[in-house]
Amino acid sequence: MALSVGDKRKPFILIGAMVAGIALQRLIGSAVPALAQVTQIGVFLVITAVMLPIELNDIGLALKKVRPTFLALGINFVFIPAFAWALGWLFLRQHPDFWVGAILYTLTPCIGWYLIFTDIARGNLAWGIALLPWNITLQVLLLPAYLYLLVGRVIPIETATMVHSVLLFLVAPFVLSIALRRSIIAMRGREFFFGAFKHSLGDVKLWIFVAVILSMFASQPPISLADAGTVGLLVAFLIGFFIVLFVLAVLAGRLFGLSYADNVTLAFTTTARNSEAVIGVALAAFPGHPLVYLAIILGPIVELPMLLLLARLMLSLRQRIEPVAREERLGL
């Protein structure tokens, strides 16, 4: 498994789409509200495409590795939400829109992207795949609580708006993806679905996401140069987030005596994030807040080079981690 050409170019493609959307808005001289409908439809399709390959009937496979699985889920769904809120307070408390966007971006663990970096660093892909249904199910179930307890403390959000955004852009795609996956497999077979169809789905998803970003920024109020100057703080937040989570995963892996391969999987399932899943929630819950969207879009732009760097760093640590894990397993 390796980064496709689209994956390698993804940061530049996303930056280009964002710049094009802002330029279109400024060229016209005002926001283009009509594009908001295009954005919402596109987001719904992207989230459905992200969820489509995940099979929930594999959810029990992760329980064959009980301690590592609960460690990964604990970091993803207990530690990270609290840590992201606190890190946002440290860097972004004077900029609430950026703070909200940063929290939203970090709340949802990746449900596929991290497997590429797990493979690059020679991690346990089987366990990584078994974690996917847990990650998607728990983020759908827990996101409303995170919105209420964390995001709502920064920018108030009405309960009805919160419920509507989660139902429309998380629950509905989740249900639709299950129905579509079963239908396609029934008609064409698993080999087609997880082969040619899944391969082409990645490219389609990327370009729909590009259209979403372009229309999203073209349909919103303009971003001022003063706001753009705060991007440096957001980048510092993101870099700090990835570094702390990586160090935490490595230390936790050593403490729990994980093998090198399991430690790699733990590191990338807790660092990689799922930006597509929260774009729709942000659009519905915070209309007219383009800086919230900007923060979410910048996430994967910073994430890709960081994860590549961390994969190389993990490989360089292999000789130090593997002997420690082996000794723990032997009781030495």
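Tutor: Start with what a packing angle means: axes are lines fitted to C-alpha atoms, for helices over the stretch in contact, and the angle runs from 0 to 180 degrees between N-to-C directions. Keep in mind that this is a predicted model.

Student: OK. At what angle do H7 and H12 pack?

Tutor: Helix H7 (residues 159–188) and helix H12 (residues 275–285) pack at about 145°, and their axes are 8 Å apart. Their crossing is right-handed.

Student: Which residues of H7 and H12 meet?

Tutor: From H7 there are Thr 161, His 164, Ser 165, Phe 169 and Leu 170. They meet Ala 277, Gly 280, Val 281, Ala 284 and Ala 285 in H12. The contact of H7 with H12 has six nonpolar residues, four polar and no charged.

Student: Now H11 and H13. How far apart are their axes?

Tutor: The axes of H11 and helix H13 (residues 290–316) are 11 Å apart, and the packing angle is about 165°. Angles over 145 degrees count as roughly antiparallel, and H11 and H13 are therefore roughly antiparallel to each other.

Student: And what makes the contact there?

Tutor: On the H11 side, Tyr 260, Asn 263, Val 264, Phe 268 and Thr 271. On the H13 side, Leu 307, Leu 310, Ala 311, Met 314 and Leu 315. By class, this contact of H11 with H13 has eight nonpolar residues, two polar and no charged.

Student: What about H3 and H11, parallel or antiparallel?

Tutor: H3 and helix H11 (residues 260–271) pack at about 25°, with axes 10 Å apart. Angles under 35 degrees count as roughly parallel, so that is what H3 and H11 are. In H3, Leu 71, Ala 72, Ile 75, Asn 76 and Ile 80 meet Leu 266, Thr 269 and Thr 270 of H11. Those residues divide into five nonpolar, three polar and no charged.

Student: Where does H3 bend?

Tutor: At Phe 79, by about 40°, and a proline, Pro 81, follows within four residues.

Student: What span should H3 have, then?

Tutor: H3 has 27 residues (66–92), so at 1.5 Å a residue it should span 39 Å. Its end C-alpha atoms are 37 Å apart, which agrees.

Student: Different topic. What is the phi of Arg 122?

Tutor: Positive, about 65°, although Arg 122 is not a glycine. Most residues other than glycine have a negative phi.

Student: Where is Arg 122 found?

Tutor: In the loop between helix H5 (113–120) and helix H6 (125–149).

Note on methods
Residues are numbered from 1 along each chain as its sequence is written. This is a predicted model: local features need pLDDT of at least 70, side-chain atom pairs count only at pLDDT 80 or more; totals for chains, interfaces and linings use all residues. Side-chain values use heavy atoms; hydrogens and water are left out. Helices (H or I, at least four residues) and strands (E, at least two) are DSSP runs, numbered from the N terminus. The expected span of a helix is 1.5 Å times one less than its number of residues. The bend at a residue is the angle between axes fitted to the seven residues ending there and the seven starting there. Angles under 35 degrees count as roughly parallel, over 145 as roughly antiparallel, 65 to 115 as roughly perpendicular and the rest as oblique. Contact means heavy atoms within 4.5 Å. Ala, Val, Leu, Ile, Met, Phe, Trp, Tyr, Cys and Pro count as nonpolar, Asp, Glu, Lys and Arg as charged, and the others, Gly among them, as polar. A crossing is left-handed if the near helix is turned anticlockwise from the far one by less than a right angle, and right-handed if clockwise.
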